[in-house]
Amino acid sequence: MDLALAPETMARWQFGITTVYHFLFVPLTISLAAVTAGLETAWVRTGKEKYFHATKFWGKLFLINIALGVVTGIVQEFQFGMNWSDYSRFVGDVFGAPLAFEALIAFFLESTFIGLWIFGWDKLPKKVHCACIWLVSLGTILSSYFILAANSWMQHPVGYAVDSATGKARLTDLWSVLTQQTVLVNVGHTLSASFLTGGAFVVGIASFHLWRASRARRGPDARTAVMRTSLRLGLTLAAAAGLATAISGDSLGQVMFEQQPMKMAAAEALWDTRAPAPFSVFAVGDVGEGRNDVAVEVPGVLSFLAHHNVTGAVPGINDIARQEAARYGGSPQDYIPSIFMTFWGFRLMIGFGMVSFAAGAAGLWLTRTRRWIDVGFRTTESDVPRLMLTRRRELGPFLTKWAWRAGVLTLGFPLVANSFGWIFTEMGRQPWAVNGLFKTADAVSPGVSTTSVVISLTVFTLLYAALAVVEVRLLVRYAKAGPHMDEAPPDSVPPQDADRPQTFAY
């Protein structure tokens, strides 16, 4: 059978499409839940209506996002039983444990308190209502933790033993599975990238509204006050989370150099062991020959990333492949992942992530005083000092044309970085489903035909395309509409009880 149409290949395409699509929602769900909780806390503490309107606005976008995320996540988990039954049989005892925690603890925490938050605005006291969204945010973080624990076990299996009678992996140490170093660095990197995504999302939409207000030459009003606050919050979040993403990414890289040297060698197209090892900016090579024909390199940087010194040796693809072939059998070529996908996936992840961080840091600097945000709005000499008018005349056209536009474009950069990050992570582990333990070729369902997988792949792809249209249209519609400024904040006492005499039962 043609390898391009083999059930394994089709199943991998299906899982890859659903995973990448699902992960578009995950970072936004995590970050927007926390953003909404923070804004509602500000409203409860200060009583300022701009925080209330911001909470309702970003909370609505959060709800749209989490609804689609839940649907796609459930479909993704079903695939373990449909296309990867041999994988489920082999590792189900271990892999299923963190997923069970995710469903029983995190998902129920989210679903219970999100219902209370949606329907409790005029029924719960402010602080109780605010606590509900914080518990939802906690649920999203716990959910990501347990799922990343399961994925980290695939990257670096610990806390298990293979049963000699059944030939299946058996869980021996749940604590190791949940707390190994791979989990901790993965969680830190994923959460920081999620908050970078949420910060850029907030910046993009706030920039759109402020840009539209400046083009209309409309003076600052209550709506622009909400968006100004949102912009500063988004920029702060993007800058801080971007820095945290870089720091956690460095820690994750060191762990991967130790646990998955092939993945990191492939990410750099480093064919032969070198000391010091260079960082490859650009490379074009021949996989069959195991060499680069063209390479633009920065000496010593890869050694620094791997060992925090510029002289350490980093093993190359050819050497690692020969070692794995000698240990597990087969040809060295069988243990080399897609160099193209890992090499460029790694660079696109870093590139788009760094651009997002740079945009957040630059925007935070430019908007450090209110006048930089208000540039382009209608002003008169009686409103502001002459110096501000001078800066407005000089910088207004530039900021209204380019700065706001850059802010809107920033919205999509972390989403692209996240997608390429997951592609790099999963493609770089191949040919292993569980690194060093269970190959992807052995994980596919034996009774599923190519025709069945092609049909399900087509149906899921078309369904997800339709859901993408629905998601984008809903987000665009409500994002463009902006906050409803005519909605009054609820009182601490529910309106239906405000005029009733208060009675107490002892």
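Start with L184. The cut-offs explain the call: buried means under 20%, exposed means over 50%, and partly exposed is in between. Keep in mind that this is a predicted model.

Where does L184 sit? Its place is in helix α7, which covers residues 181–215. Which residues does L184 touch, once neighbours within four places in sequence are left aside? The answer is Y145 and T179. Now find S248. Along the chain, L184 and S248 are 64 residues apart. Their C-alpha atoms are separated by 9.8 Å.

Stay on α7. Its axis and the axis of helix α15, residues 413–427, come within 8 Å. They cross at roughly 155°. That makes the two helices, α7 and α15, roughly antiparallel, because angles over 145 degrees count that way. Who meets whom? From α7 we have A193, L196, T197 and A200. From α15 we have P414, L415 and N418. Sort the residues of this contact by class: five are nonpolar, two are polar and none is charged.

Next, aromatic rings. How many aromatic pairs does a search of the whole structure find? It finds 21. Let me pick one of them, W58 with F201. The ring centres are 6.3 Å apart. The planes stand at 65°, so this pair is edge-to-face; the cut-off for that label is over 60 degrees. W58 belongs to helix α3, residues 49–82, while F201 is in α7, so the pair ties together parts that are 143 residues apart in sequence.

Are these two residues buried or exposed? W58 is buried, with a relative accessible area of 0%. F201 is buried as well, with 6%.

W43, F52, W117 and W121 form a cluster through ring pairs.

Last stop, the strands. Strand β3 spans residues 279–286, and strand β4 spans residues 291–298. They pair in the antiparallel sense, over seven bridges. Which residue in β4 stands opposite A283? Look for A295. Together β3 and β4 form a hairpin, with four residues between them. Check G290 in that turn: its phi is positive, about 70°.

That's my tour. Over to you for questions.

Definitions and conventions
Residues are numbered from 1 along each chain as its sequence is written. This is a predicted model: local features need pLDDT of at least 70, side-chain atom pairs count only at pLDDT 80 or more; totals for chains, interfaces and linings use all residues. Side-chain values use heavy atoms; hydrogens and water are left out. Contact means heavy atoms within 4.5 Å. Two strands pair if DSSP finds at least two bridges between them. Axes are lines fitted to C-alpha atoms, for helices over the stretch in contact, and angles run from 0 to 180 degrees between N-to-C directions. Angles under 35 degrees count as roughly parallel, over 145 as roughly antiparallel, 65 to 115 as roughly perpendicular and the rest as oblique. Ala, Val, Leu, Ile, Met, Phe, Trp, Tyr, Cys and Pro count as nonpolar, Asp, Glu, Lys and Arg as charged, and the others, Gly among them, as polar. Rings of Phe, Tyr and Trp (its six-membered ring) pair if their centres lie within 6.5 Å; planes under 30 degrees apart count as stacked, over 60 as edge-to-face and the rest as tilted. Buried means under 20% relative accessible area, exposed over 50%, partly exposed in between (1.4 Å probe, protein chains only).
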